[in-house]
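Welcome, and thanks for taking a look at this protein with us. The short report below walks through a few of its local features.

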Amino acid sequence: MSAEPHHHRPSAPSWSTHADEALSRRGSRASAARNAVLAALDSQACCASAQEIHARITTDGTAIGIASVYRTLELLHGLALITRVDTGDGVARYEPAHPNGEHHHHLVCNACGAVEAFHDGELEAAIHAVADRVDFRVDAHDIALRGACRRCR
Ligand SMILES: [Zn+2]
Ligand SMILES: [Zn+2]
């Protein structure tokens, strides 16, 4: 987990508003579970598993089954509203896919499993340069650097 500062433009709608509208356009009806999962995803700084999201939702006594969390995540992933992060331990973790392209990448520790977010402007520029050179329209990219975190070295 990391405390990356987030630069949200004040006028831009939140990711959850965007996701809620996209789901409704697809005919999916709002529910308490759906609202809770969207709110949880909106407030997380990096990726989280279904179990972590479920734990956070139910910590205040909210009664929502984990099956509803899995269903909502599947729906969101099918519509590309969230991205799945593979951290190598077989547990799928998810984070919002922002419509404005705002994103980060991940440092994954092979020893303790810690996942940390990082941003790098030069890396983004390099990806654009590669796309130009190979004449490919890049819609998305996933980058995870795997190794050992500070504590595990
Ligand atoms: Zn992340
Ligand atoms: Zn990137």
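## A loop residue to start with

Val-91 counts as partly exposed, at 35% relative accessibility. Here buried means under 20% relative accessible area, exposed over 50%, and partly exposed in between (1.4 Å probe, protein chains only). You will find Val-91 in the loop between strand E2 (82-86) and strand E3 (92-96); helices (H or I, at least four residues) and strands (E, at least two) are DSSP runs, numbered from the N terminus. Val-91 and Ala-50 are 41 residues apart along the chain, and 8.9 Å separates their C-alpha atoms.

Please keep in mind that this is a predicted model, in which local features need pLDDT of at least 70 and side-chain atom pairs count only at pLDDT 80 or more, while totals for chains, interfaces and linings use all residues. Residues are numbered from 1 along each chain as its sequence is written, chains are lettered from A and ligands numbered from 1 in the order in which they are written, and side-chain values use heavy atoms, with hydrogens and water left out.

## The zinc site

Which residues hold the zinc ion (ligand 2)? The ion is coordinated by His-103 (NE2), His-105 (NE2), His-141 (NE2) and, through two OE entries, Glu-124, at 2.0 to 2.4 Å. Donors are N, O and S atoms within 2.8 Å of the metal (3.2 Å for Na, K and Ca); water is not among the atoms, so sites may look incomplete.

Along the sequence, the donor residues follow the spacing H-x1-H-x18-E-x16-H. His-103 is partly exposed, with a relative accessible area of 32%, whereas His-105 is buried at 2%.

## Salt bridges

Side chains of opposite charge can pair when their charged atoms come close. How many salt bridges are there? The count comes to three, taking a salt bridge as a side-chain nitrogen of Lys or Arg within 4 Å of a carboxyl oxygen of Asp or Glu.

One of them joins the side chains of Asp-20 and Arg-34 (2.8 Å, N to O). Asp-20 lies in helix H1 and Arg-34 in helix H2 (residues 32-43), so this pair ties together parts that are 14 residues apart in sequence. Asp-20 is partly exposed, with a relative accessible area of 25%, while Arg-34 is buried at 2%. Asp-89 and Arg-93 also meet in a salt bridge (3.2 Å, N to O); Asp-89 is partly exposed at 44% relative accessibility, and Arg-93 is buried at 12%. In the pair formed by Asp-139 and Arg-137, the closest N and O atoms are 2.8 Å apart, and both residues are exposed.

## A nonpolar surface patch

Val-130, Val-134, Phe-136 and Val-138 form a nonpolar patch on the surface, with about 350 Å² of accessible area together. Patches are made of residues with over 30% relative accessible area and no salt bridge: like charges are joined within 9 Å, nonpolar side chains (Val, Leu, Ile, Met, Phe, Trp, Tyr) within 5 Å. The areas come from the Shrake-Rupley method with a 1.4 Å probe; for residues, only the protein chains shown count as cover.

Val-138 is partly exposed, with a relative accessible area of 34%.

## A buried helix residue

Ala-22 sits in helix H1 (residues 15-25) and is buried, with a relative accessible area of 10%. Ala-22 and Thr-87 are 65 residues apart in sequence and 27 Å apart in space, C-alpha to C-alpha.
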